[in-house]
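This report looks at selected features of one model.

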Amino acid sequence: MFQLPFPVRDAEATRGGRDLGDLPEWDLSDLYAAPDAPELKRDLDWLEQACQSFAEDYEGKLATLDAAAFLDVIRRHERIESVAGRIMSYAGLRYYQLTTDSERAKFLSDAQEKITTYTTPLVFFTLELNRIDDATIEGWLSADTDLARYRPALRRIRAMKPYQLSDELEKFLHDLGVVGDAWERLFDETIAGLTFEVDGEELGIEGTLNYLTDPDRAKREAAARELARVFSERVRTFARVHNTQAKEKQIMDRWRGMPSAQAARHLSNDVEAEVVQALRDAVVAAYPRLSHRYYALKQKWLGLDRMQVWDRNAPLPMDTPRTVTWPEARETVMNAYAEFDPRMAEIATPFFEKGWIDAAVKPGKAPGAFAHPTVTDVHPYVMLNYLGKPRDVMTLAHELGHGVHQVLAADQGEMLASTPLTLAETASVFGEMLTFQRMLENAKDDAEKKVLLAGKVEDMINTVVRQIAFYDFECKLHEARRGGELTPDDINALWMSVQAESLGPAFDYMDGYETFWAYIPHFVHSPFYVYAYAFGDGLVNALYAAYRDAPEGFQDKYFDMLKAGGSKHHTELLAPFGLDATDPKFWDKGLSMIEGFIDELEAMEK
């Protein structure tokens with residue numbers, strides 16, 4: 001096991017309970033053995049030379065090539081992507097383990113600057129490619145079957161054709177990218193460095209947020225008010241980050257001629273704006289049938305006259321709080337995967353055994369959870385902040401689903417393995433659903449089943465309703481920023497305008513809750529990312545219904561979908577299952593599963 005070069009505090013020292021078991025840590029040596037490893041310097045030197053020679057060999061000449069020569073171009077470009085991706089994966093993963101460490105921050109920043117400088121000569125590639133006429137491109141693809149497999153990647157590149165700028169401007173923007181990254185790092189380091197005091201205990205953001213699921217209502221309230229206090233103290237910093245990022249995006253969109261602030265995200269997601277709008281409209285229309293109805297039930301279960309924001313994720317009174325150890329979490333998820341298909345468990349096993357998961361909560365570690373695919377000739381890494389809560393088991397199932405997807409898609413190569421965000425959530429949410437259904441089947445009585453159903457509904461509301469509310473908040477924020485600088489109060493008001501609508505009439509809102517937009521990383525790192533969660537949940541609900549209705553042969557079709565990575569459009573991927581996301585009624589199928597679970601919960605009350 002690769003030993004991390006900093007002291008690690010026991011996971012039990014943070015909120016979440018004791019005796020979680022032996023929590024794994026990353027072994028990043030599959031990328032590089034150390035920041036001063038000779039292999040890393042070798043790759044940096046190779047990358048600098050490879051980018052220069054690529055430009056010397058091909059700039060101004062793409063249109064003159066034949067199909068075989070253009071295939072060589074693609075393969076050389078993929079190799080450059082792989083080496084650069086390996087370096088940045090190592091620097092980034094190492095940084096996220098300890099974001100408050102100045103050496104790691106510098107190492108990441110230096111790596112970003114070097115790779116930005118080295119790859120600037122490559123900017124010509126997509127620009128020049130997009131100036132080639134369609135007939136020439138089609139001729140290449142028809143002439144060479146090996147090249148033809150790259151058709152989806154070329155289609156996505158050429159989708160940007162109407163929005164690209166001059167070569168000189170594109171190179172300038174490429175170089176300027178590291179400045180925008182600095183604002184992201186400011187956000188990350190500010191969040192990671194926040195400290196909160198709850199009941200005399202000093203905590204980071206993960207431990208404090210975890211208190212919002214505590215059975216003790218007084219502790220939940222104390223945590224919520226402490227979050228509000230600290231966010232309010234730093235709100236000017238967070239407002240500055242959002243103002244700057246949104247203004248930068250506005251300028252970029254105007255120069256490129258993007259029809260909306262969301263358009264760039266739709267292009268990168270390879271999804272039509274009409275499909276996203278249909279999803280958004282279906283979810284908003286369903287608020288009364290989903291979140292409003294569920295929270296009315298929860299209000300009754302909790303015996304409250306009014307719900308407060310710190311009650312939203314409160315455990316149910318019939319729930320028996322318990323700590324789920326790491327070995328138990330692993331067994332639960334792996335059994336669910338194996339029951340669906342032994343291949344799923346086989347692919348997931350190395351994550352636990354080879355240092356591909358970093359699970360413990362540690363000071364300075366980035367909050368949240370993610371699965372990072374690194375590059376196609378290595379393997380993914382999963383980050384968790386495991387606190388032993390039952391929901392942490394679902395997070396493990398979710399991120400491990402990403403990991404399995406990324407392993408299966410790796411054979412597509414660098415240009416085709418990466419899935420658009422909308423489809424990237426498919427395997428993760430499906431992994432959650434498999435784990436949930438297995439736990440539901442094994443429930444020992446109606447009380448346990450009720451707790452499981454309620455927990456799943458809350459997760460789905462957080463994934464669908466809450467993420468669409470986040471999407472509406474972002475839409476409003478970027479639209480408002482076009483009219484001028486936004487004060488913290490302006491942003492607070494936008495946040496509250498979507499919260500009451502999505503959560504419903506059961507809630508009151510404490511002073512300070514208006515600042516809770518401040519800690520959501522997606523708004524800073526990936527504007528408009530959030531609708532991908534709702535897209536993925538709706539898609540998986542429809543997929544799972546198809547599996548339930550016609551299980552014969554489903555697994556092979558499912559694996560084929562994951563192996564395709566980014567090589568197919570969502571219409572092609574869903575066609576074998578008889579599903580079509582462009583049909584506005586498609587989203588109602590996914591939402592009906594959530595409604596069905598709420599129906600079951602209401603029936604239990606009778």
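C475 is buried, at 19% relative accessibility. Buried here means under 20% relative accessible area, exposed means over 50%, and partly exposed lies in between (1.4 Å probe, protein chains only). C51 is also buried, with a relative accessible area of 0%. A search of the whole structure finds zero disulfides. The test for a disulfide is a pair of cysteine sulfur atoms within 2.5 Å.

The model is predicted: local features need pLDDT of at least 70, side-chain atom pairs count only at pLDDT 80 or more, and totals for chains, interfaces and linings use all residues. Residues are numbered from 1 along each chain as its sequence is written, and side-chain values use heavy atoms, with hydrogens and water left out.

**Salt bridges**

Side chains of opposite charge can pair when their charged atoms come close. The whole structure holds 44 salt bridges. Each is a side-chain nitrogen of Lys or Arg within 4 Å of a carboxyl oxygen of Asp or Glu. The table gives three of them.

| Pair | N to O distance |
|---|---|
| D43 and R42 | 3.0 Å |
| E485 and R240 | 2.9 Å |
| E485 and R481 | 3.5 Å |

The pair of E485 and R240 links distant parts of the chain, 245 residues apart. E485 sits in the loop between α19 (465-481) and α20 (488-503). R240 belongs to helix α10 (residues 217-256). Helices are DSSP runs (H or I, at least four residues), and they are numbered from the N terminus along with strands (E, at least two).

D43, the partner of R42, is buried, with a relative accessible area of 8%.

Helix α10 also carries R254. R254 is exposed, at 53% relative accessibility.

**A helix pair**

Helix α12 (residues 273-286) packs against helix α25 (residues 586-605). The angle is about 35°, and the axes are 9 Å apart. Axes are lines fitted to C-alpha atoms, for helices over the stretch in contact, and angles run from 0 to 180 degrees between N-to-C directions. The crossing is right-handed: the near helix is turned clockwise from the far one by less than a right angle.

Which residues make the contact between α12 and α25? From α12 come V275, A278, L279, A282, V283 and A286. From α25 come W587, D588 and L591. Contact means heavy atoms within 4.5 Å. By class, the contact has eight nonpolar residues, one charged and no polar. Ala, Val, Leu, Ile, Met, Phe, Trp, Tyr, Cys and Pro count as nonpolar, Asp, Glu, Lys and Arg as charged, and the others, Gly among them, as polar.

**Positive phi**

Most residues other than glycine have a negative phi. D270 has a positive phi, near 55°. D270 lies in the loop between α11 (263-268) and α12. D270 is buried, at 13% relative accessibility.

F528 has a positive phi of about 70°, although it is not a glycine. The loop between α21 (522-525) and α22 (531-549) holds F528. F528 is buried, at 0% relative accessibility.
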